[in-house]
Amino acid sequence: MRVLVIGRTGQVSTELLARLPAAGHEATGLEPPGFDLTDAAQVEAAFARYRPEAVINAAAYTAVDRAEDDRAPAFAVNATGPRLLGEAAARAGVPVIHYSTDYVFDGVKGSPYTEADAPAPVGAYGASKLAGELLLHLAQPRSVTFRTAWVCSAHGNNFVKTMLRSGRERPELRVVADQHGAPTFADDLADAAIALLPRLAAAPAGEDCFGVFHLTGQPYTTWHGFAEAIFAGAAARGQAAPKLTAITTADYPTRATRPANSRLDCSRAAERLGIQAADWRRGLDRCLDALLKETTP
Ligand SMILES: NC(=O)C1=CN([C@@H]2O[C@H](COP(=O)(O)OP(=O)(O)OC[C@H]3O[C@@H](n4cnc5c(N)ncnc54)[C@H](OP(=O)(O)O)[C@@H]3O)[C@@H](O)[C@H]2O)C=CC1
Ligand SMILES: Cc1cn([C@H]2C[C@H](O)[C@@H](COP(=O)(O)OP(=O)(O)O[C@H]3O[C@@H](C)C(=O)[C@@H](O)[C@H]3O)O2)c(=O)[nH]c1=O
Ligand SMILES: [Mg+2]
């Protein structure tokens, strides 16, 4: 299949572009400066040029704190972008796979969120991503949105790389232990999307493979629990670990509020799509193998 990937050097787009050819697909990835998803004419031109049979939107404005003071660009990329893509895809008759976030929820619920729970974003990033989901599905009902969370990989910016870097610079790291969720590795997300492509291409609007699906890694943990796993893995690969201190959200003020409960219930994806939440500890091992050279002789 000819697959157009929006994003090229981001976490998820990098993994998609690395894996699509092996699955027999012809893939093109587009991002700035050569391509701007927020420009309708550029979106239209990309469809005309590449004639995709499916589109995967892995582009986003992901700077959560910056989005609070930079709302217009965040909404342009995260909301207008998916709308333009949905409109072009509907005209071309091709399905769209898109990504959204746990930050569409306020985090107040006492158990994992399902797709039936009402979103109520507490920050600009989450609000822009929620708008994008709605606009995409209105424009192109033959779309799938994977709401994921805490995405990491060996490429791009993420919590694993921040922890490893900070751990080299400082003897002690303080990490919040009262925000609950599950890390998700970008290669697992890419594999899920690629497995779904043939089914989406064949399915008419209204099939139950379209819609919103929660998809994260498992099991649930906290950012502090994740940091512990990162440094255990780093230590096993010969890197000295800093002292890790559990703190509360109140001890770590940030510009944007993060939800305390980011846990997503992924059972709908398992039941309807046959896509299982992957064990993030395996993903972390692959990521650390790629990032840290063995120091043993
Ligand atoms: N990172 C995370 O923790 C989470 C991410 N998600 C969602 O998953 C998806 C993938 O995220 P991730 O891979 O981490 O994101 P990254 O921030 O790693 O990559 C974003 C990509 O979007 C591209 N991009 C930004 N602006 C534009 C634009 N105007 N036109 C075209 N491309 C653009 C970037 O290009 P460039 O590098 O040139 O700017 C980059 O390729 C997103 O929808 C995100 O919201 C969901 C939950 C958690
Ligand atoms: C670096 C650091 C962060 N933290 C906290 C802040 C925050 O609550 C949490 C994670 O930090 P981050 O900066 O990675 O958080 P953040 O950028 O909010 O991560 C989010 O990105 C967007 C794109 C998403 O969609 C979300 O799923 C989520 O992955 O850890 C510490 O407690 N100590 C530290 O030293
Ligand atoms: Mg880039």
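Residues are numbered from 1 along each chain as its sequence is written, and chains are lettered from A and ligands numbered from 1 in the order in which they are written. Because the model is predicted, local features need pLDDT of at least 70 and side-chain atom pairs count only at pLDDT 80 or more, while totals for chains, interfaces and linings use all residues.

The secondary structure comprises 10 helices and 12 strands, where helices (H or I, at least four residues) and strands (E, at least two) are DSSP runs numbered from the N terminus. The radius of gyration, taken over C-alpha atoms, is 19 Å, close to the 19 Å that the globule rule (2.2 Å times the number of residues to the power 0.38) gives for 297 residues, so the protein is as compact as a globular protein of that length. Its C-alpha atoms fill a box of roughly 55 × 45 × 40 Å along the principal axes.

Ile6 has Leu30 of E2 as its bridge partner. Together with helix H1 (residues 11–19), E1 and E2 make a right-handed β-α-β unit. Right-handed here means that, with the strands pointing away from the viewer, the path from the first strand over the helix to the second runs clockwise.

Of the 297 residues, 47% count as buried, meaning that 20 or more other C-beta atoms, placed from the backbone, lie within 10 Å of the residue's own. Beyond its neighbours within four places in sequence, Leu16 is in contact (C-beta atoms within 7 Å) with Val5, Ala27, Ile56, Ala58, Ala190 and Ala193.

Val104 lies in the loop between strand E4 (96–101) and helix H5 (124–139). This residue counts as buried because it has 26 C-beta neighbours inside 10 Å. Apart from neighbours within four places in sequence, the contacts of Val104 are Pro119, Pro121, Gly126, Lys129, Leu130 and Arg147.

Note on methods:
Pairing = 2+ DSSP bridges. Buried ≥ 20, exposed ≤ 12 C-beta atoms within 10 Å, placed from the backbone. Contact = placed C-beta atoms within 7 Å.
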